[in-house]
Amino acid sequence: MFITSEDLMHKIAQISKEVDIKSNHACTFEEFVVVPFFGQIVLRFMLNKDDYSLEELDYYENMINNIAGEDFLCDFMGSVYKNVGVDYSDIGQQLLRMNVQFSDEQVFDSSYSSAIKEDANFLLKTAGLDTDIPVWEIQAEDGEYRLLLMGKESKPIKNITEPITVSVCEVAEQSCTGLIKATVYCRRNHISLARVLISKES
């Protein structure tokens, strides 16, 4: 699996170290997920400060994106955004709004696109599913995989334990598209994802 390969882990470790140094230890790497349908890998960071502004988030998120380069999208963990006023109680509606607001935003494949799409196909086959099903996200932890499929609603699909452990769920496609396009928009405009999560613009 490419997403657990030594090469990818080494690259992420290099980015994490540089972010830690250049942020004066304010930003630390937390996790990554792969988004096969859009050919992207997303790196998520924690901000180790008690108080900060949206302007500071703009600065740090832009800095992280510049360090990570074109092959990764980057954002912060949800708790970081919550501390500047993001309300997750209506996140479903927010994601649907972003799907409309950023519908024209283009998402280009990273250079890792083919490799992560092959991983998605492998996991779909392993779970006994059709490889034509669009895969939103793969999460990998401790040798177990979580496969999120793009569909109509959020619901569990199946779990398998042999030959590897894979849990398969469905998530709403419009929400997925809204989030990834908003992330690309924020990167292009050098602002934090928190700004569009807070916005009520329709």
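Which residues of α6 are buried? Have a look at the first view to find out.

**View 1. Helix α6 and its buried residues.** This is a predicted model, where local features need pLDDT of at least 70, side-chain atom pairs count only at pLDDT 80 or more, and totals for chains, interfaces and linings use all residues. Residues are numbered from 1 along each chain as its sequence is written, and side-chain values use heavy atoms, leaving out hydrogens and water. The buried residues of α6 are S175, C176, T177, G178, I180, K181, A182, T183, V184, C186 and R187. Buried means under 20% relative accessible area, exposed over 50%, and partly exposed in between (1.4 Å probe, protein chains only). Helices (H or I, at least four residues) and strands (E, at least two) are DSSP runs, numbered from the N terminus. Helix α6 has 16 residues (173-188), so at 1.5 Å a residue it should span 22 Å, and its end C-alpha atoms are 23 Å apart, which agrees. That expected span is 1.5 Å times one less than the number of residues. After α6 comes H190, with a positive phi near 60°.

**View 2. The largest nonpolar core, with F72 and F76.** A nonpolar core is a set of buried Ala, Val, Leu, Ile, Met, Phe, Trp, Tyr and Cys residues joined through side-chain atoms within 4.5 Å. The largest one here has 50 residues, and F72 and F76 have the most contacts inside it. Helix α2 (residues 54-68) gives this core its largest share, six residues. There's also a second, separate core of 14 residues, including V42, W136, V171 and I180. Leaving aside residues up to four places away in sequence, F72 touches L8, K11, I12, I15, I41, L43, Y112 and R187; contact means heavy atoms within 4.5 Å.

**View 3. D75 in strand β3.** D75 sits in strand β3 (residues 73-76) and counts as buried, at 7% relative accessibility. Its side chain joins that of R44 through a polar contact of 3.3 Å. For a polar contact, take a pair of N or O atoms within 3.5 Å; within protein, one must be able to donate a hydrogen and the other to accept it, and residues adjacent in sequence count only if both atoms are side-chain atoms.

**View 4. Cysteines C27 and C176.** A disulfide is a covalent bond between the sulfur atoms of two cysteines. The cut-off used is a pair of cysteine sulfur atoms within 2.5 Å, and a search of the whole structure finds zero disulfides. For C27, the closest cysteine sulfur is in C74, 11 Å away, too far for a bond. C176 is buried at 4%, and its sulfur is 12 Å from the closest cysteine sulfur, in C169, so a bond is out of reach.
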